[in-house]
Amino acid sequence: MDCAKAIGIVAKNGGRINDYEGVGKVTKGIPPLITVNTTAGTASEMTSFTIITDTKRHIKMAIVDPRITPDVAVNDPELMVSMPPALTAATGMDALTHAVEAYVSTMATPTTDAAAIKAIDLISKYLREAVAHGEDVRTRDMMAHAEYLAGIAFNNASLGYVHSMAHQLGGLYDLPHGVCNAILLPYVEMYNKQVCPERFADIAKAMGEKIEGLSPEEAADRAIDAIKKIASDIGIPSGLKELGAREEDLELLAEHAMQDVCRLTNPRELSKEDIIEIYRKAM
Ligand SMILES: [Fe+2]
């Protein structure tokens, strides 16, 4: 789907795809596009984002423009039942990351909040089941709704440093996007929770945690724990080392992450040293 958007950009606007990296550079739109989704994760079937790997620079370029939004999106859960468990887990955690990053984004609104919180609620209820019993169409249907709602949320509120940092791991080591997000998510949000603990308390509640009587800070910790728990329950690797990430690359990864547009709406400013530290903790 991202490839189709990119081909559409160059077909209608000319030049090379690298010319369009960033936000709002696609002046002429793309030819009509109907997307048929087969995973419950990226929400690319309905967003204005396309992520393309620049194999020379070893980075994933984020290209964002409302003009590349598909005209029609097809989400049929029957097309998702054959997804293997590992792909279901990775894509489901991508959707959870979209919802969490959109909920704590500096551009969040009551509309994106409603979509993000419902997505978090559905993913917390159905992702484990989708991984364990992928043949169940109702579970797949709930995950399709969840990833679509998360798409509505981040298409309008954008994302944060989890995506900015995950894109660089994917670009440098050719790793699956959802797995990189899943590993980084709790570590980035441990940083973010200090500036908006109430938002993380809402996330904890949506994930089914009991937060009555807790301070916002304590409830925020429950959200981080719940994120770690769901990732471990569905077999996500525990650290970046397992994926082959190298300590000596962290500085370069951090430099690239600071150029990625997704960081612009992260609730907390991060220095290069902060980013390196987060990568290190996630190793
Ligand atoms: Fe994503």
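The protein is divided into domain 1 (2–75) and domain 2 (82–281), with bounds that come from an automatic or database domain assignment. The model is predicted: local features need pLDDT of at least 70, side-chain atom pairs count only at pLDDT 80 or more, and totals for chains, interfaces and linings use all residues. Residues are numbered from 1 along each chain as its sequence is written.

The C-alpha centres of domain 1 and domain 2 lie 22 Å apart. The contact between them takes 18 residues from domain 1 and 25 residues from domain 2, two residues being in contact if their C-beta atoms, placed from the backbone, lie within 7 Å. On the side of domain 1 that touches domain 2, strands S1 (22–23), S3 (49–54) and S4 (59–64) each supply at least two residues, and the largest share, 4 residues, comes from S4. Helices (H or I, at least four residues) and strands (E, at least two) are DSSP runs, numbered from the N terminus.

The protein has 10 helices and 5 strands. Its radius of gyration, taken over C-alpha atoms, is 18 Å, close to the 19 Å that the globule rule gives for 283 residues, so the protein is as compact as a globular protein of that length; the rule is 2.2 Å times the number of residues to the power 0.38. Buried residues make up 51% of the 283 residues. A residue is buried if 20 or more other C-beta atoms lie within 10 Å of its own, exposed if 12 or fewer, and partly exposed in between, with C-beta atoms placed from the backbone.

Helix H5 (residues 161–173) has 12 of its 13 residues buried, so it is largely enclosed by the rest of the structure. Among the buried residues of H5 are Tyr161, His163, Met165, His167 and Leu172. What covers them includes S3 and S4, together with helices H2 (85–103), H6 (177–192), H9 (250–257) and H10 (272–281). Just after H5, Asp174 takes a positive phi of about 55°.

The largest nonpolar core has 90 residues, of which Ala99, Ala119 and Ala153 touch the most other members. Both domain 1 and domain 2 give residues to this core, so it lies between them. Such a core is a set of buried Ala, Val, Leu, Ile, Met, Phe, Trp, Tyr and Cys residues joined through C-beta atoms within 7 Å. Leaving aside its neighbours within four places in sequence, Ala153 is in contact with His98, Ala99, Ala102, Thr112, Ala115, Ala116 and Ala119.
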